[in-house]
Amino acid sequence: MKTIPCSIVLLAAMLLMPISQAADKEPGVLLKSGEWGQAMGSYGVPKQFEHLVPAKWPKDRWYSLVIKENDLLVEAQSPNDKNPEWLKKIVSQIPEENAPEASSSLALVEQEADDILHLRVPDAPIKEGKHPLYVFKNGGHILNPELDYQYRLKLNDVAFGMRVQNGLKGKNGAPYGEGATYFIEYDGKQFEYALGYYGWASRIIGITDMDGDGFPDFIIEIDGSNSIGKIILLSSTAKPGKNSATAILHSWGC
């Protein structure tokens, strides 16, 4: 009896595998207007786009996120807008590979920063409209979480827990470096996110349900020694255990 090579069997199994299993989901991307010249103080090109020339960045399926008082306003890109103006302004600043570095001073004059975040997560069911943000005891939607404190909260009658830990601790228990780690619990499961980018100082600027699955989604700011940024954590892209952030936007200093 002739033996079929294992490689052929494996290939056949992959061809028969459902697409959802055979291919990884497309990762999320977060952008914002501002300085993109790739000099000091610039936003960094998302890892997902590092292999693309700027002109080839995806132009479809973007959502704008704006916080107004204690609500998050989510708006889908119009299907008629094939190349958004805000995206063209970002792309125009980024040097092509092996091209001279863009003038950051000129870019800062031309690009006015705003408070709009632009999120693209093709595999997540983002919901348009006004989403109420969780309001903390201080009366606002922003929280500088106390390290190692177990928060017990409730969003839209759904109970959830949250604890923030520094990535590393010294012998005396004092936190240092390597980024904050978020532990989020709901529906009897725990989800862990190591934020990285040396962002051990973090604050929550919004908790809401923007993907409509009934569980909390997070908008977080990080502030480290040489990097700042914003991070989106969507419950619909998470699995129990360790997770990567849904989308990250970061910039660096000197």
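Mentor: A cavity is a set of grid points where a 1.4 Å probe fits but cannot get out. Keep in mind that this is a predicted model.

Trainee: How many cavities of 30 Å³ or more does the structure hold?

Mentor: One. About 40 Å³ of space lies in the largest cavity.

Trainee: Which residues line the largest cavity?

Mentor: Ile184, Tyr186, Phe191, Tyr193, Pro216, Phe218, Leu233, Leu234 and Ser235. Strands β8 (175-186) and β9 (189-194) each supply at least two residues of that lining.

Trainee: And pockets? What volume does the largest pocket have?

Mentor: About 590 Å³. Its lining counts 28 residues. Nearest the centre of the largest pocket lie Pro27, Gly28, Ser244, Ala245 and Thr246.

Trainee: Which elements give two or more residues to the lining of the largest pocket?

Mentor: Those are β1 and β14 (247-252). The largest share of the lining, four residues, comes from β14.

Trainee: Staying with β14, I see Trp252 in that strand. Buried, exposed or partly exposed?

Mentor: Trp252 is partly exposed.

Trainee: How far is Trp252 from Tyr43, in sequence and in space?

Mentor: They are 209 residues apart in sequence. In space, Trp252 and Tyr43 are 7.0 Å apart, C-alpha to C-alpha.

Trainee: How many aromatic pairs does the structure hold?

Mentor: The count is 10. One of them is Trp36 with Trp57, an edge-to-face pair. Their rings are 6.4 Å centre to centre, with 75° between the planes. Edge-to-face needs planes over 60 degrees apart.

Trainee: Where do Trp36 and Trp57 sit in the chain?

Mentor: Trp36 is in the loop between β1 (29-31) and β2 (63-68), and Trp57 is in the loop between β1 and β2 as well. The two are 21 residues apart, and the pair links distant parts of the chain.

Trainee: Are Trp36 and Trp57 buried or exposed?

Mentor: Both Trp36 and Trp57 are buried.

Trainee: What about Trp62 and Trp86, what sort of aromatic pair do they form?

Mentor: Edge-to-face, with 90° between the planes and 5.2 Å centre to centre. Trp62 lies in the loop between β1 and β2 while Trp86 lies in helix α3 (residues 85-91), so the pair ties together parts 24 residues apart in sequence. Trp62 and Trp86 are both buried.

Trainee: Switching to charges. What sits over the ring of Phe183?

Mentor: The charged end of Arg163, 4.3 Å from the ring centre.

Trainee: Now the sheet. In what order do the five strands come?

Mentor: The order is β1-β4-β2-β3-β5, in an open sheet with antiparallel pairing. At the edges are β1 and β5 (129-132), and each pairs on one side only. From one strand to the next, the twist averages 25°.

Trainee: Zoom in on β2 and β4. How many bridges join them?

Mentor: Three bridges join β2 to β4 (residues 117-120), and the two strands run antiparallel.

Trainee: Which residue in β4 is the bridge partner of Ser64?

Mentor: His118.

Methods: Residues numbered from 1 in each chain as written. Predicted model: local features only at pLDDT ≥ 70, side-chain atom pairs only at ≥ 80, totals over all residues. Heavy atoms only, no water. Phe/Tyr/Trp six-rings, centres within 6.5 Å; stacked < 30°, edge-to-face > 60°. Buried < 20%, exposed > 50% of the residue type's maximum accessible area, 1.4 Å probe, protein only. Lys NZ or Arg CZ within 6 Å of the ring centre and 35° of its normal. Pairing = 2+ DSSP bridges. Axes fitted to C-alpha atoms, helices over the stretch in contact; angles between N-to-C directions. 1 Å grid on protein atoms, 1.4 Å probe; cavity = no way out; pocket = protein on both sides within 12 Å on 5 of 7 lines; lining within 4 Å. Points joined across faces, edges and corners; volume = space filled by probe spheres on them.
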